[in-house]
There are 4 protein chains.
Amino acid sequence: MADPAGVEYLRTAIGSSTADTITVAGRDLPSEVMGRLSLTELAYLLLAGREPTPGERLVLDAVLVSLADHGLTPSALAARLTYAGAPEAPQAAVAAGLLGAGSVFLGPAGDTAQWLWDTLAGTTEPDDEVLRAVAAGAVAARLDAGLRVPGLGHPIHKAGDPRTPRLYELAAEAGLLGPHLRLLREVAIAQEAATGRPLPVNGAGAAGAALVDVGVPPGSVRGFVLIARTAGLVAHLAEEAAQPIGRRLYEEVERRAGG
Amino acid sequence: MADPAGVEYLRTAIGSSTADTITVAGRDLPSEVMGRLSLTELAYLLLAGREPTPGERLVLDAVLVSLADHGLTPSALAARLTYAGAPEAPQAAVAAGLLGAGSVFLGPAGDTAQWLWDTLAGTTEPDDEVLRAVAAGAVAARLDAGLRVPGLGHPIHKAGDPRTPRLYELAAEAGLLGPHLRLLREVAIAQEAATGRPLPVNGAGAAGAALVDVGVPPGSVRGFVLIARTAGLVAHLAEEAAQPIGRRLYEEVERRAGG
Amino acid sequence: MADPAGVEYLRTAIGSSTADTITVAGRDLPSEVMGRLSLTELAYLLLAGREPTPGERLVLDAVLVSLADHGLTPSALAARLTYAGAPEAPQAAVAAGLLGAGSVFLGPAGDTAQWLWDTLAGTTEPDDEVLRAVAAGAVAARLDAGLRVPGLGHPIHKAGDPRTPRLYELAAEAGLLGPHLRLLREVAIAQEAATGRPLPVNGAGAAGAALVDVGVPPGSVRGFVLIARTAGLVAHLAEEAAQPIGRRLYEEVERRAGG
Amino acid sequence: MADPAGVEYLRTAIGSSTADTITVAGRDLPSEVMGRLSLTELAYLLLAGREPTPGERLVLDAVLVSLADHGLTPSALAARLTYAGAPEAPQAAVAAGLLGAGSVFLGPAGDTAQWLWDTLAGTTEPDDEVLRAVAAGAVAARLDAGLRVPGLGHPIHKAGDPRTPRLYELAAEAGLLGPHLRLLREVAIAQEAATGRPLPVNGAGAAGAALVDVGVPPGSVRGFVLIARTAGLVAHLAEEAAQPIGRRLYEEVERRAGG
């Protein structure tokens, strides 16, 4: 049955099993995926509906490794503090680390992707002049509304995020310097022109633009980058198990707060 | 300051930043990681302390893609139901999906890895005869204690998990059919001999054994497989956004429960 | 030390400990809180900075019990599915259940509270005529912007949410029928006048308005109602342990999806 | 349909709705719960199957307020760090704070409850002499197995947890100093006798024992105390919004880790 209307809504194109088969993305998992696709390629296949080209795979992995870790971030600290209380449930510590990937940290990759996408919507194969005009308009609209321009500036890398030029370079080499990466570059120029204050394209913004340019749907960028962050968090938990920071941090905080 | 003793405990070998550099795993992120390592390779580097060989990378990716998804699992359903209530926070839906990766689902990959590791500890380069004896003893110990033998049996793939032979084959081709994969095979034989009931090596168990054989520390296997599951969950959320199941499932449950 | 500037930021007014004392909200926990305050009263004290009056306590508890549970909601299902995979970590199952309390489910209590608060800001002791005008303006602004009016309508309780009249009654009896509850009533009237379609005040909206009227800061309403939901989820896990739904639901979904 | 066997498993005794009614714990929510039961009483009703007596309610609330907060704990810090990244999703920050309530922090209340319950199982109305013998045996069994004795000792309150005597006093005044609280007291005596080292009953252990004595099922104690912790976390988020610690803590850690 399922539904009064008789239509079964419980179906997915992602994966399924029978007693002797497992299918993922329409492919036989053992013979067509295992040994042939990397995790990055499978993740892309599931979101974009096709396997990435070698160039796209290169950009995808460059983005993922660029977002996997940045040391003792709030995300890593939350995971480590959680691990200190529940070492028997590492999945809970990883989940705690992911939960802060919102509007302030990591989420901006997806938010920039969506904003660039919406800004370009309907503009096919724009040349640099078109992009310049689009960027100027979009930046003005944000500033007029009292909003920050997505994808620009970084609290630590004030003079420039070292990931950004490398990502542009890799995308260019792969022939994948698409309209969203190019628009974002114009956005930074337009922002500086409008405010007099230079704010370089940050790594999260460049990552979001690059993902959209290689075909990741903008609405999935926020999720896609979580794959990278999970990898980083797992490494933090391994280090935490061997050389705990969480409990010592708590003890220091307690001591200072109580003083 | 930091600590009364003057020793700074807030340090990590995973990653760090300065105003114009980002370092991950001791390597300069833009020039030595981006464009050179895949996410899988970086995850391994962070856990194992060295980059994987091409054969190891192949096994790592085969394991990860084999665990990324199996359709509308409890994990995927929890993520989708969470998304139905908070579509603005996809990281919360992914986290909800990961939280069930415990002793029953997905966790067994890590639990099998740890058990095989502990069982073999101290046995270097065991030949098949040694492995057979070790397996018989370990299986007897579990059964005597009234415990299930890790890594065997599957509720759906009763006659054999299709991922298992493929993973053994890939490991063998890569010259990486190590002692833990080989031990697990003997464990299945010993279990059948002891109980008269065949329980084939399942995909999670084979995955755990393969990861230990290629050098993932056993205590990190539970975490490592979460990277794959995150990729699967992100795909479920993309599909959920386009074709919602969560809310309809809830409505059906509500209707049936209220009847 | 802590900070270069020498100012210690690690301090909280919520609680602290020494070797032989525990302080919560500025009170000695054993002698001034235990045996004297209920959890509801302590929660209010921590948010509002003072203990509630008996009438306020009555309204607070009425709100909390009204939001604790509604059967097999998406939240309860996510918790139960998570428990099926990780029964050893009940905190993970509760967390999974809370994670969906966003813009669609449960969150609307807080969103309505905030909207009513912002709408009334600066209007002190408004009489009914003022409220009527404020409501008309606020409803028109929402509808003009193509937005839903907060606090109105319910997918199941179409003709009226049974919690709403009871909450208004209890608040009135306690002399706490404040401007936000009264404004929300006018909002429903204004909405029907503007659209011709009656949408009664829902239980979440009334809850949010009542909490603001008794002094819970609007920005904390989203959090406050999670206390109630945690209580409901814990009950679901107890029932799930005795009479599992999660695994059976998954098995049914799997069967139907695979067919 | 539902099930092949035709039996509907999707049912719950916790709550349900129709178009014009909401039922919780078999009671009409508006008329029989709202205005009559506190959240604490409803939580107990859902777990114990009956409303608490006034004495039981007093003990329940004393336990809950004793566990709601202890300042800048790992749990509070994880919640605040998560909030720093995703202030738009407070439910995610609360969930992050709960996730560390495992075997090390907060979980011991439930673990002690279960251990005391298992230790006493089958012993009805034990007198002090019986409890003394049971305690001695149970303590010896733990120590022989190289395990810690549950419910004893505290890293900060080394000479005695200030909550413990107060909880015993309140339970005694209410006539609810039951076998589990009494057993735990004997356990502390037996442990000191066996090891020569005094370890006072800690607040979490006393809380677990008291909850079982008033009728909370031991398997639900771990969950029950999460209600209290949620209240504490919500207060931390309110304070964090007004006076941020999370981001500043991260910045300090970053600075120290990078040096």
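# Group meeting talk: how the chains meet

Let's start where chain B meets chain C: 34 residues of chain B are in contact with 34 residues of chain C. Before I go further, please keep in mind that this is a predicted model.

So how much area is buried between chain B and chain C? The figure is about 2800 Å², and carbon and sulfur atoms give 68% of that. On the chain B side, the residues that lose the most area to chain C are Leu81(B), Leu99(B) and Tyr250(B), and together they make up 18% of what that side buries.

The rule finds 2 salt bridges across the interface of chain B and chain C. One that you can look up on the screen joins the side chains of Glu252(C) and Arg256(B), with an N to O distance of 2.8 Å. There are also 10 residue pairs in polar contact across the interface of chain B and chain C, both partners being at pLDDT 80 or more.

Which elements of chain B give two or more residues to the side that touches chain C? They are α4 (74-85), α5 (90-99) and α12 (246-258) of chain B. Of these, α12(B) gives the most, with 8 residues. If you sort the residues of that side of chain B by class, you get 21 nonpolar, 7 polar and 6 charged.

Let me stay with α12, but cross over to chain C. Helix α12 of chain C covers residues 246-258, so to speak a run of 13 residues. From its first C-alpha to its last, α12(C) reaches 18 Å, close to the 18 Å expected at 1.5 Å a residue. The buried residues of α12(C) are Gly246(C), Leu249(C), Tyr250(C), Glu252(C), Val253(C), Glu254(C) and Arg256(C). A reminder for reading that list: an α-helix has 3.6 residues a turn, so residues three or four places apart point the same way. You will spot Glu252(C) among the buried residues, and Glu252(C) is also the salt-bridge partner of Arg256(B).

What covers the buried residues of α12(C)? The cover includes elements from three chains: β1 (15-17) of chain A, α4 and α12 of chain B, and α4 (74-85) and α11 (221-242) of chain C itself.

Next, chain C against chain D. Here 86 residues of chain C are in contact with 85 residues of chain D. Chain C and chain D bury about 6800 Å² between them, with 69% of it on carbon and sulfur atoms. Tyr9(C), Met34(C) and Leu39(C) supply 11% of the area that chain C buries against chain D, which is more than any other three residues.

How many salt bridges are counted between chain C and chain D? The count is 0. Polar contacts are there, though: the rule finds 23 residue pairs across the interface of chain C and chain D, both at pLDDT 80 or more. The largest share of the chain C side comes from α11(C), with 13 residues. By class, the side of chain C that touches chain D has 48 nonpolar, 22 polar and 16 charged residues.

While we are in chain C, have a look at Glu186(C), which is found in helix α9 (residues 179-195). Is Glu186(C) buried or exposed? Glu186(C) counts as buried because its relative accessibility is 11%, and the cut-off for buried is under 20%. Leaving aside neighbours within four places in sequence, Glu186(C) is in contact with Leu131(C), Arg132(C) and Ala135(C).

Two backbone details are worth a minute. Most residues other than glycine have a negative phi. Ala25(A) has a positive phi of about 50° although it is not a glycine. You will find Ala25(A) in the loop between β2 (22-24) and β3 (27-28) of chain A, and Ala25(A) is buried, with a relative accessible area of 16%. The other one is Leu106(B), with a positive phi of about 70°. Leu106(B) lies in the loop between α5 and α6 (107-120) of chain B, and Leu106(B) is buried too, at a relative accessible area of 12%.

Finally, a quick overview of chain A. Chain A has 12 helices and 3 strands, and its C-alpha trace spans about 65 × 55 × 45 Å along the principal axes. Of the 259 residues in chain A, 61% are buried. Among contacts in chain A with a separation of 6 or more, 69% are between residues 24 or more positions apart.

Thanks, everyone, and I'm happy to take questions.

How values were computed: Residues are numbered from 1 along each chain as its sequence is written. Chains are lettered from A and ligands numbered from 1 in the order in which they are written. Side-chain values use heavy atoms; hydrogens and water are left out. Contact means heavy atoms within 4.5 Å. Buried area is the accessible area (1.4 Å probe) that two parts lose on being put together, summed over both. A salt bridge is a side-chain nitrogen of Lys or Arg within 4 Å of a carboxyl oxygen of Asp or Glu. A polar contact is a pair of N or O atoms within 3.5 Å; within protein, one must be able to donate a hydrogen and the other to accept it, and residues adjacent in sequence count only if both atoms are side-chain atoms. Helices (H or I, at least four residues) and strands (E, at least two) are DSSP runs, numbered from the N terminus. Ala, Val, Leu, Ile, Met, Phe, Trp, Tyr, Cys and Pro count as nonpolar, Asp, Glu, Lys and Arg as charged, and the others, Gly among them, as polar. The expected span of a helix is 1.5 Å times one less than its number of residues. Buried means under 20% relative accessible area, exposed over 50%, partly exposed in between (1.4 Å probe, protein chains only).
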